[in-house]
Amino acid sequence: MTLDQTSEQSTEIAAEPVKGQRGYRVGNTFIASRPIEPALYLVATPIGNLGDITLRALETLSGADVLACEDTRVTRVLLDRYGIVNRPYSYHEHNANEAGPKLIAALEAGKSVALVSDAGTPLVSDPGYRLGQMAIDAGYRVVPIPGASAPLAALVGSGMPSDAFLFVGFLSSKDKARRDRLAELSKIPATLILFESPHRIAHTLVSAADVLGGSRLACVCRELTKTYEEFRRGTLAELAAHYGDGHNVKGEIVLLIEPPAPEEAPGEVEVDAILQDLSKTHPTAKAATEAARITGLPRKDLYQRLIAMKNGT
């Protein structure tokens, strides 16, 4: 039975569980977990505030046969908060080669496996991606249990355009590689969402201001959903100056950068000049192709325009 087949079995609610019964607590109420089908469940957990957990996530964490997590100490805090007695097992980047096959073996044995990261949605910048791929390659179901997500929380609270956005993850700690990556991203017409550490945010903002332009708007989102949550908005130059001024930055950081301003299409006179110049050194078809690359205009239209110019029309 899957968790969404509520018509076949109602949730059991009681003050205290029957001995050995799996479930979770909300306040003083115990809620029994329903059976869970064998599958790999990717469970989103709170990114700060422990209240940001879904009932479906609690039922999955309490009912799964195997619970894998990044750090058992961190996950234990969440489990204790909701009275879940399931035992967590470690799965992280340092033991993935050993622990991953064991979790796949659990799926092969017909068990349900739940995977959580320390905070947020598994597989987003964490080693859970490898386990998800292994499960899919082996033919097992992978079931997302959605919930808290730092990139989306930052996006909706930042005021940045949300119609198109790109999650970039962490940039390189090396200055040249970081700047090269920013140059690759500079023309993408979407809000950029990056993760950054407190001790590197100042360097990243300087690199971003130099490569993308100091006037481009950005927002540094810190300690999302926690007591000292902060959204600091400004231009990249302003933010680089603020965080480079000896501020002792703490907490997890999400950096958002607005899309580039749309480039204005060249006017008719400018297009004609480009076509005339290219036609001196290129055949007509090749000149139109190169003009399309330079101007962003349709090659077909440029080709016809160039033919008309050569015919004097």
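T225 is found in the loop between β11 and β12, strands being DSSP runs of E of at least two residues and helices runs of H or I of at least four, both numbered from the N terminus. The phi angle of T225 is near 70 degrees, a positive value in a residue other than glycine. The model is a predicted one, in which local features need pLDDT of at least 70 and side-chain atom pairs count only at pLDDT 80 or more, while totals for chains, interfaces and linings use all residues. Residues are numbered from 1 along each chain as its sequence is written, and side-chain values use heavy atoms, with hydrogens and water left out.

The loop between β11 and β12 also holds E223, whose phi is near 55 degrees, again a positive value in a residue other than glycine. Most residues other than glycine have a negative phi. T225 is partly exposed, with a relative accessible area of 23%, whereas E223 counts as buried at 16% relative accessibility. Here buried means under 20% relative accessible area, exposed over 50%, and partly exposed in between, with a 1.4 Å probe and protein chains only.

The strands β11 and β12 belong to an open sheet of 5 strands in the order β9-β10-β13-β11-β12, with mixed pairing. The edge strands are β9 (165–170) and β12 (230–235), each of which pairs on one side only. Two strands are taken to pair if DSSP finds at least two bridges between them. Neighbouring strands of this sheet are turned by 20 degrees against each other on average, direction ignored. Axes are lines fitted to C-alpha atoms, for helices over the stretch in contact, and angles run from 0 to 180 degrees between N-to-C directions.

Strand β13 (residues 253–257) is joined by 5 bridges to β10 (residues 191–196), and these two strands run antiparallel. Within this pairing, F195 stands opposite V254 and L194 has L255 as its bridge partner. A further 5 bridges join β11 to β13, also antiparallel, and here the bridge partner of R222 is I253. In β13, 5 of the 5 residues are buried, so the strand is largely enclosed by the rest of the structure. I253, L255 and I257 point one way from β13, and V254 and L256 point the other way. In a regular strand the side chains alternate between the two faces of the sheet.

Helix α5 (residues 150–158) lies across β9, β10, β11 (217–222), β12 and β13, running at about 60 degrees to β12. Helix α7 (residues 201–212) lies across β10, β11 and β13, running at about 10 degrees to β13.

Helix α7 also packs with helix α8 (residues 236–243): their axes come within 8 Å and cross at roughly 155 degrees. The two helices are therefore roughly antiparallel to each other; angles under 35 degrees count as roughly parallel, over 145 as roughly antiparallel, 65 to 115 as roughly perpendicular and the rest as oblique. The contact is made by I201, A202, L205, V206, A208, A209 and L212 of α7 and by L236, A237, L239, A240 and Y243 of α8.

Elsewhere, 7 of the 9 residues of helix α1 (residues 55–63) are buried, so this helix is largely enclosed by the rest of the structure. The buried residues of α1 are A57, L58, E59, T60, L61, S62 and G63.

The structure holds 17 salt bridges, each defined by a side-chain nitrogen of Lys or Arg within 4 Å of a carboxyl oxygen of Asp or Glu. One of them links the side chains of R222 and E230 at 3.1 Å, N to O; R222 counts as buried at 17% relative accessibility. In helix α3 (residues 96–108), E98 and K102 lie 4 residues apart, about one turn of the helix. Their closest N and O atoms are 3.5 Å apart in a salt bridge, and both residues are exposed. In helix α10 (residues 284–295), E290 and R293 lie 3 residues apart, again about one turn, and form a salt bridge with the closest N and O atoms 2.5 Å apart. E290 is partly exposed, with a relative accessible area of 24%, whereas R293 is exposed, at 59%. D175, R178, R179 and D210 are linked in a network of salt bridges.

Notes: Contact = heavy atoms within 4.5 Å.
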